[in-house]
Structure formats: C-alpha cells, structure tokens
Amino acid sequence: MTEKNNSGCSQESCSGCAQAGTCQSKKEDFGAPVNAHSQIRKVIGVISGKGGVGKSLVTGSLARMMREKGYTVGILDADITGPSIPKMYGVHEMAKGTEDGIFPCIAQDKTRIMSVNLLLEDEDAPVIWRGPVVSGVVTQFWTDVIWGDLDYLFVDMPPGTGDVPLTVFQSLPVDGVVIVTSPQDLVRMIVKKAYNMAKQMNIPVLGVVENYSYVKCPDCGKEINVFGESHIEEIAAELEIPVLGKIPIDAKIAEAVEAEKFYETENPYLQNIEL
Ligand SMILES: Nc1ncnc2c1ncn2[C@@H]1O[C@H](COP(=O)(O)OP(=O)(O)OP(=O)(O)O)[C@@H](O)[C@H]1O
C-alpha cells in the first residue's frame, strides 16, 4: 500500500498533492547525490520544446539577472552535443579536478560554469556519444562537480523532451523550470509539450519567456513583430503560468555573445523575476 506522509502526498509520487514541488520531502527522493562539497539552494531548469529559440541566451540572462542581484550562480550546461555557454562567457580553459571532484570554471562575473567543452582537449571536437553516455555525463555534472555554495544553479537543457531532460528531472532536485519559446506558428503545441513533460515529472513550471518577440526600429522606436503577432499571453493564461519576459531581437545581445562577453550584458528584459 502507498504510504502517506503528513502533507498528504505519497512517497512514490507527488501527483495529486497540493504541495507538489514545494515540499521538502521531495528533495530526498532523488537518485543522484550532489557532490559533498556543493550546497545548492535552488536548481532551475531552462527548457524549450524545440531548438534554436534562444534557450542558452535565456539561461545566461537569468544567470546574469541573479548575479546582478548579488546571488551566487552556476550554470550546468546540459546541452552536451551543442554546448554554447562557455563561449558566451569567454571561458576556454580546461576544468581542473582533485580526488574530491571537478571544479567549475569561473567566468568574469563569477558565474561558475560546467560544460562538456571544458573537459575536451579540443573544444571543436564533436561529442558523438549515445544517449545513455550523454545522460551519464549530465548526472556527473551534479555528483562530481564541486559547485561550492550556490544560491542558484541554472541547467541549460538540450532542446526537446528527450533523454537528458528526463535524466535531469529524475536525478536532480529541480525546483522549477522556465520554458523558452519564440512567437511562431507551432509554439502553442511545442510549449505544451515542454509544459506537459515537466508536469508529468512533477516539476513546477515557473513561467515562460518569449525570445525574438519583436525588433525595435532604431530610428522611430516602433516595435515590429517579425514573426507575426505573439500569442504567448493566451497560451500562458491557458496553462496558468506567468509570462516572465519578452526579449526582442537585440543586436547588443548578439554582439555580446559574439564577443564572448555575455558577462557584461545588463539584461534589461528580464529583471523583476522571482525564482
Ligand atoms: N534576442 C536575441 N537577440 C539577438 N540575438 C539572439 C537573441 N536570442 C538569441 N540570439 C542569438 O541566436 C543564437 C542562438 O541562440 P541560443 O544558443 O541561445 O539558442 P538555443 O535555443 O540555446 O539553441 P539550441 O536549441 O541549438 O541549443 C546565438 O548566437 C544567440 O546569441
């Protein structure tokens, strides 16, 4: 028989419990132990139903926002076959380790980063690994990396709802996910897929960020919806999740990424978000 605890949820599943995702008992259920030298207060996953919507950019923007507020922040780059976080932050050295684990590399703004690219001799070498190996590496980024004392660990997931998000949701105590999307036709379905995956895994959805929302005319300031009119408010209302921000196509952001100086961005589009 399923055992019930005081808050009314079962030990096997949080589904059906009003406190799902917020009660502390859930944190004890996870398979992968965190490194003995890591104390991480919040783990936030950044997911997208499809590729190329700017998920890494939003991960970096959330991390910048928290750094600007004075929090200690790490980014676990779980996009193993398409890692972009180290380059955004201009981090190219190889991560160092001891018998206690591997140290993340520290970006200029003190964001701690772990990515497969920081473990490869040649960062241009492709990672041609099968799913279980990729998932194993992501779990090792939790168990073997000495994150130290962190207020927030952001996990930049690969796009879609495949092996790695599944592993992260099952092995790490994810406090919530942020869904990233763009204002295009298939968005409704794709956002719902990401949302439903998180829900099925009993992970709270903290909200949705729309990237590539508009372009601001540099002359007259008019906002142009290059991908058509956005429906994000309707979708968010339907799913009962907040819209956390709308990021325009901004040449300054693209330049900062290109120059590998994302740590200098001031990030005006995501600022007053409580995570
Ligand atoms: N709002 C924006 N304004 C300008 N450039 C942007 C914006 N969002 C993303 N970009 C640029 O688009 C490129 C792709 O973004 P990013 O790597 O974040 O996408 P992604 O969704 O993580 O990709 P993938 O799905 O392949 O992992 C990057 O060069 C990034 O700098």
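In helix H1, the buried residues are Lys 55, Ser 56, Leu 57, Val 58, Thr 59, Gly 60, Ser 61, Leu 62, Ala 63, Arg 64, Met 65 and Met 66. Here buried means under 20% relative accessible area, exposed means over 50%, and partly exposed lies in between, with a 1.4 Å probe and protein chains only. Helices (H or I, at least four residues) and strands (E, at least two) are DSSP runs numbered from the N terminus.

The model is predicted: local features need pLDDT of at least 70, side-chain atom pairs count only at pLDDT 80 or more, and totals for chains, interfaces and linings use all residues. Residues are numbered from 1 along each chain as its sequence is written, and side-chain values use heavy atoms, with hydrogens and water left out.

H1 is mostly covered, with 12 of its 14 residues buried. The end C-alpha atoms of H1 are 20 Å apart, which agrees with the 20 Å that its 14 residues should span at 1.5 Å a residue; the expected span is 1.5 Å times one less than the number of residues. Gly 70, which follows H1, has a positive phi near 95°.

Ser 56 belongs to H1 and counts as buried at 11% relative accessibility. Its side chain makes a polar contact of 3.0 Å with the side chain of Ser 84. A polar contact is a pair of N or O atoms within 3.5 Å; within protein, one must be able to donate a hydrogen and the other to accept it, and residues adjacent in sequence count only if both atoms are side-chain atoms. Leaving aside neighbours within four places in sequence, Ser 56 is in contact (heavy atoms within 4.5 Å) with Ser 84, Ile 85, Met 88 and Asp 156.

**The annotated site.** An unreviewed UniProt entry places the feature "binding site" at Gly 49, Lys 50, Gly 51, Gly 52, Val 53, Gly 54, Lys 55 and Ser 56. Such annotations may be inferred rather than shown by experiment. Two glycines of the loop between E1 and H1 are Gly 49 and Gly 54. Gly 49 counts as partly exposed at 24% relative accessibility, whereas Gly 54 counts as buried at 14%. Not counting residues up to four places away in sequence, Gly 49 touches Gly 160, Ile 190 and Ala 194; with the corresponding neighbours left aside, Gly 54 is in contact with Val 180, Asn 211 and Tyr 212.

**Aromatic pairs.** A search of the whole structure finds four aromatic pairs. Rings of Phe, Tyr and Trp (its six-membered ring) pair if their centres lie within 6.5 Å; planes under 30 degrees apart count as stacked, over 60 as edge-to-face and the rest as tilted. Two of the pairs are tabulated below.

| Pair | Centre distance | Plane angle | Class |
|---|---|---|---|
| Tyr 71 and Tyr 152 | 5.3 Å | 80° | edge-to-face |
| Tyr 89 and Phe 262 | 5.8 Å | 65° | edge-to-face |

Tyr 71 lies in the loop between H1 and strand E2 (73-77) and Tyr 152 in strand E7, so this pair ties together parts 81 residues apart in sequence. Tyr 71 is partly exposed, with a relative accessible area of 33%, while Tyr 152 counts as buried at 8%. Ring pairs also link Tyr 71, Tyr 152 and Phe 154 into a cluster. Both Tyr 89 and Phe 262 are buried.
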